[in-house]
Amino acid sequence: MGLLQDGKWVDKWYDTKSTDGRYVRKESAFRNWVTADGSAGPSGISGFMAERDRYHLYVSLACPWAHRTLIFRALKSLEEMIPISNVHWFMGEDGWTFAAGDGSTPDPINNTDLLHQVYTAAKPDFTGRVTVPVLWDKHQETIVSNESAEIIRMFNSAFDGVGAAVGDYYPDTERVEIDALNARIYDTLNNGVYKAGFATTQRAYEEAVTPLFETLDWLDNRLSTQRYLMGTHLTEADWRLFTTLIRFDPVYVGHFKCNLRQIADYPHLSGYVRDLYQHPRIAETVDIPYIKKHYYGSHESVNPTRVVPMGPAVDFSAPHNRADFNKEN
Ligand SMILES: N[C@@H](CCC(=O)N[C@@H](CS)C(=O)NCC(=O)O)C(=O)O
């Protein structure tokens, strides 16, 4: 685990000393957008037109942020158009690597061994964290974006004219409400589990866990009367929530000490996570053994023995009984 400083790799764990034990996530660095016509998006510069076989996606199957991009790639049938490289599950002193083994795939684009070399291929003097996902442009030989929230919006619509599957998970008329859901879910849950797990003081940990479970309680209640967060149809907000929920009982309850309740204890959230898991093409994006090995095996300061627990046994393929909600309208 480390970061680049002026293009040089430095092996360093997150600094929580200056923040009273709180884990504070850094902003993503590359913020360009692929658009249908190559014009600039909401941030960044122009020049990234949606084309078949132009982009490559670097991911880790373990990572909930990268998982979002894999889900949108699947929902929009972009698999052939946008190939992927999956890093090795172990993230140690070299950061993410393309070492062979257990589901990892090499980097056929930049032929690197280490993900930080992809960052310095784009920007030789890069300073910052080296994270997945990374969307790479083979034409300009650079990183388009390393911000998952923005990559999924690109996948949602930019490739529609070049063969992406039909489907809009961020409809114009629902954006205000989706953004509001995302904001609470991101702060208290998607990022909340990390704030709890990487906290190095009791106070910082409790500050994260309390709102985290308030949000889970609120979501369980919302999902008691409707199938999805926005009612009868799936939106971006559901998929962003899903990648944290599917990791919750297998990893966050134990490893990140988010253990006031489990998802299995929530009658509606537990069915909801199975419902989304069983949506066409989603199960293929989920690899629980790889996810568990990554978290328990890589975060030495959280789990020094690196022992991976055998349980819990969660059957995401079990019936979810949520389809009846859609009969109402
Ligand atoms: N804001 C980024 C966050 C991505 C992120 O934090 N990825 C983690 C893996 S789950 C990572 O690569 N961490 C390496 C590090 O922080 O050094 C996004 O949503 O795309």
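**Reading the active site and a helix pair**

Modeller: Happy to. Keep in mind that this is a predicted model. Let's begin with burial: a residue counts as buried if 20 or more other C-beta atoms lie within 10 Å of its own, exposed if 12 or fewer, and partly exposed in between. By that count, tyrosine 194 is partly exposed, because 17 other C-beta atoms lie within 10 Å.

Biologist: Where does tyrosine 194 sit, and what does it touch?

Modeller: Tyrosine 194 belongs to helix H5, residues 192-197. Leaving aside residues up to four places away in sequence, tyrosine 194 touches Tyr23 and Arg25.

Biologist: Which residues does UniProt list for "active site"?

Modeller: The unreviewed UniProt entry lists Cys63 and Tyr194 under that name. They are spread over 132 residues of sequence, yet they cluster in space, with a largest C-alpha distance of 11.6 Å.

Biologist: Is cysteine 63 buried or exposed?

Modeller: Cysteine 63 is buried, because 23 other C-beta atoms lie within 10 Å. You'll find cysteine 63 in the loop between strand S3 (55-59) and helix H1 (64-75).

Biologist: And how many residues surround the ligand?

Modeller: There are 13 residues around the ligand, and the closest are Cys63, Trp65, Arg129, Thr131 and Ser148. By class, the shell around the ligand has 7 nonpolar, 4 polar and 2 charged residues.

Biologist: How do I read two helices packed together?

Modeller: Two packed helices are described by the angle between their axes and the distance between those axes. Here, take helix H7 (residues 236-252) and helix H8 (residues 267-277): they pack at an angle of about 110°, with their axes 10 Å apart. That angle makes H7 roughly perpendicular to H8.

Biologist: Which residues make the contact?

Modeller: From H7 come Asp238, Phe242, Leu245 and Ile246, while H8 supplies Leu269, Val273, Leu276 and Tyr277. By class, that contact has 7 nonpolar, no polar and 1 charged residues.

Biologist: How far is arginine 203 from glutamate 300?

Modeller: Their C-alpha atoms are separated by 21 Å, and the two residues are 97 residues apart along the chain.

Technical notes. Residues are numbered from 1 along each chain as its sequence is written. This is a predicted model: local features need pLDDT of at least 70, side-chain atom pairs count only at pLDDT 80 or more; totals for chains, interfaces and linings use all residues. UniProt positions are given in the numbering used here, feature names are shortened, and annotations may be inferred rather than shown by experiment. Helices (H or I, at least four residues) and strands (E, at least two) are DSSP runs, numbered from the N terminus. Two residues are in contact if their C-beta atoms, placed from the backbone, lie within 7 Å. Axes are lines fitted to C-alpha atoms, for helices over the stretch in contact, and angles run from 0 to 180 degrees between N-to-C directions. Angles under 35 degrees count as roughly parallel, over 145 as roughly antiparallel, 65 to 115 as roughly perpendicular and the rest as oblique. Ala, Val, Leu, Ile, Met, Phe, Trp, Tyr, Cys and Pro count as nonpolar, Asp, Glu, Lys and Arg as charged, and the others, Gly among them, as polar. A residue is near a molecule or strand if its C-beta atom, placed from the backbone, lies within 6 Å of it.
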